[in-house]
Each structure stands twice: as structure tokens, then as C-alpha cells.
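Morning, everyone. I have one structure for you today, so let me put it on the screen.

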Amino acid sequence: MARRCLYLLALGGVLLLGIATFSRSKGLRRSLRGAASRIPSQFSEEERVDMKRRFSISDCLTLTGAIQIPTVSFTSEDYNTTALAEFGEYIYKVFPTVFSTSFIQHEVVGGYSHLFTVQGSDPSLQPYLLLAHIDVVPAPAEGWKVPPFSGLEHDGFIWGRGTLDNKNSVMAILQALELLLIRDYIPQRPFFIALGHDEEVSGKNGARKISTLLQARGVQLAFVVDEGSFILDGFIPNVKKPFAQIAVAEKGSINLMLQVNVTPGHSSAPQKETSIGILAAAVSRLEQTPLPNMFGDGPLKTTLELLANEFSFPTNIILSNLWLFWPFVRRFLERNHITNALVRTTTALTMFNAGIKVNVIPSVAQAVVNFRIHPAQTVQEVLELVKNIVADDRVQLHVLSAFDPEPVSPSDNQALGYQLLRHTIHSVFPEVSIVAPGTCIGNTDSRHYKNLSNGIYRFNPFYLRPQDFTGIHGLNEKISVQAYETHVKFIFELIQNADTVRVSVPHVHEL
Ligand SMILES: CCCCCCCC/C=C\CCCCCCCC(=O)NCC(=O)O
Ligand SMILES: [Zn+2]
Ligand SMILES: [Zn+2]
């Protein structure tokens with residue numbers, strides 16, 4: 001009897017401790033059933049070595065590591081299908097528990113994308129979706145300190161294309177689930193994992209098809225978590241500490257082709273203007289005429305207000321009084337190329353093709369301009385502005401692809417996905433005191449799921465500094481071994497939190 005009392009006392013203590021930990025997150029509460037069965041996110045030395053090898057270089061002679069498989073997307077019609085197929089076989093081999101668990105269903109969609117359906121033990125709970133993508137952008141070896149598909153470890157970092165974008169998420173999600181299953185964890189809340197194979201070239205064959213499939217099955221999601229924002233360190237001058245930004249919004253995009261046709265001829269007697277000259281002048285006008293600064297619309301203002309106290313004097317006073325100082329802040333933000341991307345639709349000249357021979361005036365010159373549309377603008381509005389800037393009827397405008405910015409997801413106390421992420425950030429990164437909503441300046445597969453949920457959140461659980469950002473789609477992309485392990489820990493915690501944390505239902509006063 002005495003032993004039983006002691007046991008009950010101890011259990012009560014553990015539960016109280018759990019509740020106290022959670023009291024920090026306003027609007028959240030935790031189910032007692034989940035609190036009792038929580039599995040600590042501690043991994044043995046062997047598990048840590050193993051997870052690193054699966055991600056970078058497998059120790060098994062017959063297997064490469066995830067980073068070593070060159071799953072490159074070139075265009076929406078041209079991607080490395082051999083590598084994508086190999087990647088499918090790879091995850092099957094290295095995550096055997098995920099693939100053999102009776103309550104997890106695995107499907108290949110669109111040839112190379114993967115959908116995992118994890119049936120929760122409590123089907124009354126609305127499911128959620130974890131997203132990541134397998135494909136990577138090309139990485140020619142020039143300029144890299146190590147071959148981009150080597151997965152080499154050096155100075156505590158794993159190097160290679162996809163280490164930050166986005167094989168880290170693919171592998172961390174499956175790895176965390178594998179470790180939970182090995183510990184006999186049975187999720188209560190159902191969830192899906194969708195791994196797209198063509199995110200870098202639109203997602204139309206992967207994410208879009210998975211979304212259509214889920215929609216046909218009548219699925220509605222509580223929330224979606226994808227890549228697209230980070231714990232930001234050093235992006236805003238004078239911010240004292242890193243802060244976590246959960247992107248609740250995502251910019252839109254237009255790929256616009258500009259084309260000029262002239263009669264070809266001999267270069268010895270050129271007309272006053274050539275197709276190349278006309279086109280070059282048009283794209284130069286676009287580059288020299290930034291689209292309007294939209295500061296004040298979208299989530300950026302809220303982010304800055306939340307961050308105000310993290311700045312020293314006088315920036316803290318300026319940001320706490322944006323009603324007065326906004327014209328100054330608006331100008332300040334456009335001085336840096338990253339914060340500039342937050343305040344306006346950006347204009348990037350990405351392709352320029354013309355000419356077939358040194359002594360031939362070319363008949364056709366083509367350029368592609370990539371616009372990323374601010375959350376407060378639309379495709380139509382941007383096209384109208386662009387026509388006025390180009391202002392030359394000889395330049396034809398062809399929209400190759402376009403989509404409007406994504407709707408802004410809620411970040412209030414009742415927003416389950418946002419609050420779960422916020423809570424998990426605080427527990428895995430206790431040193432990060434600020435979590436703020438923001439905008440993703442790139443595009444993600446999550447946009448294909450907007451019909452299934454209004455809670456779409458983009459967050460990668462690792463620190464990003466401006467120098468790391470240059471590795472994403474650039475040279476020498478790398479992640480520290482510790483950051484990858486923490487990524488696995490974060491997903492391990494997030495899956496459990498999705499079972500135990502509930503947002504409070506607003507209190508209704510009866511009259
Ligand atoms: C006050 C807030 C300051 C915020 C500074 C923002 C810093 C953002 C840094 C990096 C964003 C990178 C987005 C990565 C997601 C891109 C995914 C991708 O590559 N998609 C394809 C594409 O967009 O073309
Ligand atoms: Zn990505
Ligand atoms: Zn990318």
C-alpha cells in the first residue's frame with residue numbers, strides 16, 4: 001500500500017512538472033494520457049552515429065548516403081529519375097521500422113514522391129501533415145570546397161547539396177519517426193508525411209498530386225509544417241539575439257519571358273537597334289525600377305513590433321513606435337537585399353539568350369525575369385506595373401508560370417499548428433526567447449495544400465546566418481552534425497507534442 005502511495009505521489013509530481021513546463025505557452029494545455037507516456041528525446045551514441053551516416057555517408061558498402069544520391073531537378077520535365085528511384089529504395093532500406101509498421105501506409109505518388117499515412121490511435125483528432133522534398137537544385141562542382149554530392153564530414157559539418165534544402169527535413173522526419181516506433185510509440189493524432197520529388201521545379205508532379213489524392217479522400221488537415229523559415233541569426237543589424245521566425249505567409253511568383261523579334265541580317269550593316277539591344281534596355285529598366293515598397297502590409301510589421309525590445313537604443317524606441325517612424329523603417333529595410341525581399345515584389349533577371357554567330361544579327365532575343373510577389377500584391381497588379389515599366393511594344397511579354405501569394409495563416413492562441421511549433425521551439429531551443437510570425441521569401445510545396453488547411457507553417461528547426469543562406473542554391477551548402485541531430489530531436493518532440501498539446505477553446509461567458 002505504502003509503495004502504491006509513493007508511486008502515485010511520484011506520478012502526480014511528474015504530471016505537475018509537465019503541466020508547469022507547459023504553462024509558459026499561453027493558450028496550450030496538455031492531455032494527461034499523453035503526459036504519462038512521453039518518450040524523452042535522448043539518443044544513444046550508436047543511434048547518433050547511425051543517424052549521421054544515413055544522412056551523409058552510409059557505412060555499408062552497397063549503400064550511399066542520402067546526400068550522395070544526386071536527386072537533381074533541372075526543369076519540371078527534366079529531373080534525375082534514376083536518382084529519385086534510388087532514393088526511394090534507400091529510405092526503404094534505412095528506415096525498416098517505418099516501412100513495416102502495421103499502422104503506417106506507404107504510397108508512391110507521381111512516380112517518385114512518397115506519402116506516408118500514419119493512423120493515430122485516436123481517429124477523432126484531426127490529422128496534420130509534415131512536408132519535405134527529396135529533389136535538389138543542380139550543383140556544378142566548380143567553387144565547392146568538397147564535391148557537392150560527397151556528403152563528406154569536415155570540422156563538425158556535413159557538406160553537400162541538400163544538407164539545408166531539404167534532405168535534412170526528409171531524413172530528420174523519417175529518422176524521428178523510426179526512433180519513436182523503435183521505442184514502441186503509438187501516435188494518437190493521425191498524420192501524413194509527404195516527400196515531394198519536384199519542389200524545386202514547381203511541385204506539379206509530386207506535391208500537387210499528393211494534395212489531389214488527399215482531397216479525393218476527403219482529408220482536411222489541422223495544420224501543415226514545411227520548410228521555409230529558420231531561427232534567424234544576424235539578418236537584421238543590431239538585433240541582440242537570434243529569433244525564431246515561423247513563416248505564416250509565402251510570396252507569390254511570376255516567371256515572365258520577354259521576347260524581341262527583328263529581321264535578321266548581316267552584322268556589317270546593323271540597324272540602329274538590334275533585338276539584343278532592345279531587350280537589354282527593357283530588362284535594365286526593370287532592374288533599375290524596383291516595384292513599390294509595401295512595408296506596412298503583411299506580417300512584417302508584427303514581427304518587428306515583437307522584436308522591438310531585442311534592439312538597443314534607439315532602434316527599440318523606433319520599432320515600438322512604428323506609427324511614427326514607419327517611413328524611416330521602410331527606407332531602412334530596402335537597403336539590404338534580404339530585408340528588401342520582405343518589403344516588396346522582387347525583380348530578378350535570371351536568363352538571357354540571343355545570338356547564333358558572331359556576324360549575324362539575331363532575329364530573336366529572349367530573357368526570363370523571376371518576380372517574387374509581396375503578400376499584399378497580385379499577379380495581375382505586378383503584370384500591369386511591369387508593362388508600364390517596359391513601355392515598349394516591340395517587347396512581347398509571355399507569362400511562363402504565375403501564382404498569387406499564399407493566404408496568411410493564423411498565429412493567434414487558438415492556432416494549433418503555430419502554437420505547437422512555438423511550444424516545441426521553446427522546449428528544444430530554450431535559449432530562443434522570441435518566436436514571431438513572418439513571410440517566406442521563397443516558394444515551397446506547402447502552397448499545393450492550401451485547399452486542405454488554413455494553417456500552413458514554414459519552419460526549419462536550425463539556426464541560419466546570412467553566410468549559411470548563401471549555401472542554399474549556392475556554393476558549399478552544409479549543416480553541422482549537431483544541427484542535424486537537433487533537427488531529429490525537434491521532429492521527435494513535435495510528433496509527441498501533437499498528441500499531447502491542445503489549444504484552449506475560447507472561454508464563453510454565459511449570460
Ligand atoms: C524581420 C525578419 C527578417 C527575416 C529575414 C529573412 C531571411 C530569410 C532567409 C532565408 C529564406 C530562404 C527561404 C528558403 C525556402 C526556399 C525553398 C526553395 O528553394 N524553393 C524554391 C524557390 O523558391 O524557387
Ligand atoms: Zn527547399
Ligand atoms: Zn530550394
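Ground rules first. This is a predicted model: local features need pLDDT of at least 70, side-chain atom pairs count only at pLDDT 80 or more, and totals for chains, interfaces and linings use all residues. Residues are numbered from 1 along each chain as its sequence is written, and chains are lettered from A and ligands numbered from 1 in the order in which they are written.

Now the overall picture. The chain has 16 helices and 23 strands. Both are DSSP runs numbered from the N terminus: helices are H or I with at least four residues, strands are E with at least two. The radius of gyration is 25 Å, close to the 24 Å that the globule rule gives for 511 residues, so the chain is as compact as a globular protein of that length. That radius is taken over C-alpha atoms, and the rule is 2.2 Å times the number of residues to the power 0.38. Along the principal axes, the C-alpha atoms fill a box of roughly 105 × 65 × 50 Å.

How much of the chain is buried? The figure is 43% of the 511 residues. Buried means 20 or more other C-beta atoms within 10 Å of the residue's own, exposed means 12 or fewer, and partly exposed is in between, with C-beta atoms placed from the backbone. On contacts with a separation of 6 or more, 79% come from residues 24 or more positions apart. A contact here is two C-beta atoms, placed from the backbone, within 7 Å.

Next, helix α16, residues 481-500. For each, axes are lines fitted to C-alpha atoms over the stretch in contact, and angles run from 0 to 180 degrees between N-to-C directions. Under 35 degrees is roughly parallel, over 145 roughly antiparallel, 65 to 115 roughly perpendicular, and the rest oblique.

Partner one is α6, residues 167-182. Its axis is 8 Å from that of α16, at an angle of about 55 degrees. The pair is therefore oblique. The crossing is right-handed. On the α6 side we have N168, A172, I173, Q175, A176, L177, L179 and L180; α16 brings Y484, H487, V488, I491, F492 and I495. By class, that is 11 nonpolar, three polar and no charged residues. Nonpolar covers Ala, Val, Leu, Ile, Met, Phe, Trp, Tyr, Cys and Pro; charged covers Asp, Glu, Lys and Arg; the others, Gly among them, are polar.

Partner two is α14, residues 416-428. The angle is about 130 degrees, with the axes 10 Å apart. So α14 and α16 are oblique to each other, and their crossing is right-handed. Here L420, H423, T424, S427 and V428 in α14 meet T486, K489, F490, E493, L494, N497 and A498 in α16. This contact counts five nonpolar, five polar and two charged residues.

R48, M51, K52 and F55 of α3 touch V481, Y484, E485 and V488 of α16. The tally is five nonpolar, no polar and three charged.

On to single residues. V501 is in strand β23, residues 501-503. V501 has 21 C-beta neighbours inside 10 Å and so counts as buried. H423 is 78 residues away in sequence, yet its C-alpha is 8.9 Å from that of V501.

A194 sits in strand β9, residues 191-196. A194 is buried, with 29 C-beta neighbours inside 10 Å. Leaving out residues up to four places away in sequence, A194 touches L115, L129, L131, A207 and I210.

Finally, the backbone. Most residues other than glycine have a negative phi, and most peptide bonds are trans. Which bonds are cis here? One joins D165 and N166, with omega about 10 degrees. Another runs from F313 to P314, omega near 5 degrees. N166 lies in the loop between β8 and α6; P314 lies in the loop between α9 and α10.

As for phi, H473 is positive at about 70 degrees, and N476 at about 55 degrees. H473 is in the loop between α15 and β22, and N476 is placed in the loop between α15 and β22. H473 is partly exposed, with 16 other C-beta atoms within 10 Å. N476 is partly exposed, with 19.

That's my tour. Questions, please.

Terms used
A crossing is left-handed if the near helix is turned anticlockwise from the far one by less than a right angle, and right-handed if clockwise.
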